[in-house]
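Good morning, and thank you for coming. Please look at the sequence and the structure while I speak; I shall take confidence, strands and helices in turn.

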Amino acid sequence: MAVYLPGDVINEPSSSDSSIIGYGINLRGEKKVVTQPGAFRSDEGKIWLSVHSKRYIPQEGDRVIAIVTSKTGDFFRLDIGTAEYAMISFTNFEGATKRNRPNLKTGDIIYATVFDTTPRTEAELTCVDDEKRARGMGQLNGGYMFKVSLNHCRRLINPSCEILQTMGKFFKFEITVGMNGRIWVNAPTTEEIIKIHDVINKSEFITGEDELISLVQHSYTRSVSG
Amino acid sequence: MRVPPLTTCEKEVILEALKSGKRFDFRGLEEFRGVKLVVGSEIGTAICTIGNTKVIAAVSAQIAEPSSMRPHKGVIIIDVDLSPMANVSNEHDRLGSKGMELIRLLELIIRDSRCIDVESLCIRAGKEIWKVRVDVRILDEDGSLLDCACLAAITALQHFKRPNVTLEPHHTLIYSEYEKAPVPLNIYHMPICTTIGLLDKGQMVVIDPTEKEAACLDGSIVVACNKRREVCALHQSTNLVLSTKQIERCVKLAMSRAEALTAVVSDVIKQDQRERSAFKRPDGFSITTPSLILTSGTAAARQINAPRIQHGREPEEKMLYQPSVIVNENPLSVGSVKQEEVDEDALIAEQLSIIQNSVGGVAVSDPQSSGVSKRKKEKEMVDDLLDGICDSEEEEVKTEILGSSEPMEVVLPVVEQQKDEEDVTSWRKKKKKV
């Protein structure tokens, strides 16, 4: 495993036949230049960097959780944790037409895909796929949203990650993980939301399975008030 | 840059939780976060941490000319800078409304409450005075910013020592610390700030709110007071109409907090002085660096692993062996009966018996002296003892002086304190009658 810093050029043998270039790497001509500091990863023609950061940089195809900040003309202005605002068109919602506009207010959150990240413009988001289907995207109602590091987010949605499965044995909850480091959870009671929030925050630096189970168990039995 | 806006769902959940007495950090509504206070190896520096809020303060002094209005008074200048590292919306050298509020309140609390004797800072009236500068830097923000900044500034001022000077007919001699021992500032009292969040138009109070909680609350009230139960400043952030009863309640909460934190500050300073007088090299801020060193995991490429932690030693545990750090946990939660309190009672009883024995012993050993002088002596003795009791009894909170081999603190609840005093005074009266 190699660690790269921004500006480095990747010379790994496994990167020569890679067709998919992922997070933290940019293609400049023939060279693969690193844009973020992180550990090099490669897998079946894919290369990316595993970066520990808190600030999100938009990438096409990422599913993110966005906060509606204002309405401007035919667009909603959204906050996705980047330096600039992102936009979403009224028509990019399932079942939306020129007449039938989605009813979103300032402070609402939506789960959407980044589909346009042209440099020097605001990123554009969509809540529908190519077939105009929502497929789970759209407004998130109720629940609680909080922020963790991007690395932790990627770990949570990894199928081989045990955290959510272990938590599922104790809690009944709904979760949405955005690649921009935001997590939305919903549970029947506030107390459970608080406990889940606590477990997710604390599980970031836990790798052992036993440790994880004891953490979840501890949170499950712990009383919230006082 | 801007801060991410507060979403409706967050606000709803936080408010709902608060109204049912729950908080996201598992605290009660009237529970404070732990306070960590560290003084630096440099004289006059301190870092204060409350939860995630972190503030560093540094005090320096220089000789300047006084203003013509106050020719025999020193000057105290407070400088605040909000670092963008603390909150993305902050900018260097631009305070904004939040920063202005902070600096005005700090000036009000530290300078206008006259806790520092500015007259002793005068070297030559109308010509030379000491200009004391307090630099406050916000390193991390998570609510209760003023509490943290005030505590850091007060600790730094307590820790600070100005160079010694002597006056010659035509010039002033300034000594380095190797020639003549530096002089500490004359501090009359320590104002301690407490932020209290208000909910439901002031019907409910949320103590020590975090940044997110503060954003959801109706407003907050800041009370600065000292351990002598004097209110130094009162500030309300929003134009909420509060009843006298509500304000009184807030002040009462702030007073118990002030007593607790004053003890912590004086402990930290005393510990540091003890070490310095023993020519031990002070650890300074090196102990605040976390022992968690993040490295990327060495897992296979498919497994995106969280960064591993190098478990050298637990950070909390590491703190325990460091001198001049005091971890002060939830001063208000002392109310419940615990094993510690049972021990405390035993300790009090022991102390009381020691006092009585010792006083009695002295009285017996001095039978020749006349009645009047005897009484005088007794009075002095009892006064000394009372002072001693008062000193030790300030530490209402469970404070740990870390690094010392024996348990240093004497933990006494307030009620007992009064009882003790009564005991001693009644005993004293009895003596007088005899």
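Two strands are said to pair if DSSP finds at least two bridges between them. Helices (H or I, at least four residues) and strands (E, at least two) are themselves DSSP runs, numbered from the N terminus. This is a predicted model, in which local features need pLDDT of at least 70, side-chain atom pairs count only at pLDDT 80 or more, and totals for chains, interfaces and linings use all residues. Residues are numbered from 1 along each chain as its sequence is written, while chains are lettered from A and ligands numbered from 1 in the order in which they are written.

I begin with confidence, given as pLDDT, the predictor's confidence in each residue, from 0 to 100. Chain A has a mean pLDDT of 89, with 98% of its residues at 70 or more. Within chain A the lowest mean, 84, belongs to strand S2 (residues 20-21), and the highest, 95, to strand S15 (residues 182-186).

Now the strands. Chain A contains an open sheet of 4 strands in the order S1-S5-S6-S2, with mixed pairing. Its edge strands, S1 (3-4) and S2 of chain A, each pair on one side only. Inside that order, strand S5 (residues 38-43) and strand S6 (residues 46-50) of chain A are antiparallel partners over 5 bridges; there, A:Ala39 has A:Ser50 of S6(A) as its bridge partner.

In chain B, strands S11 (residues 192-199) and S12 (residues 204-207) pair in the antiparallel sense over 4 bridges. They form a hairpin with 4 residues between them, and B:Asp200 in the turn has a positive phi of about 60°.

Finally, the helices. Axes are lines fitted to C-alpha atoms, for helices over the stretch in contact, and angles run from 0 to 180 degrees between N-to-C directions. In chain B, the axes of helix H2 (residues 96-111) and helix H3 (residues 145-159) come within 10 Å and cross at roughly 45°. H2(B) is therefore oblique to H3(B), given that angles under 35 degrees count as roughly parallel, over 145 as roughly antiparallel, 65 to 115 as roughly perpendicular and the rest as oblique.

Which residues make the contact? From H2(B) come B:Leu102, B:Leu105, B:Leu106, B:Ile109 and B:Ile110, and from H3(B) come B:Leu145, B:Leu146, B:Ala149, B:Cys150 and B:Ala153. Contact here requires C-beta atoms, placed from the backbone, to lie within 7 Å.

Methods: Two residues are in contact if their C-beta atoms, placed from the backbone, lie within 7 Å.
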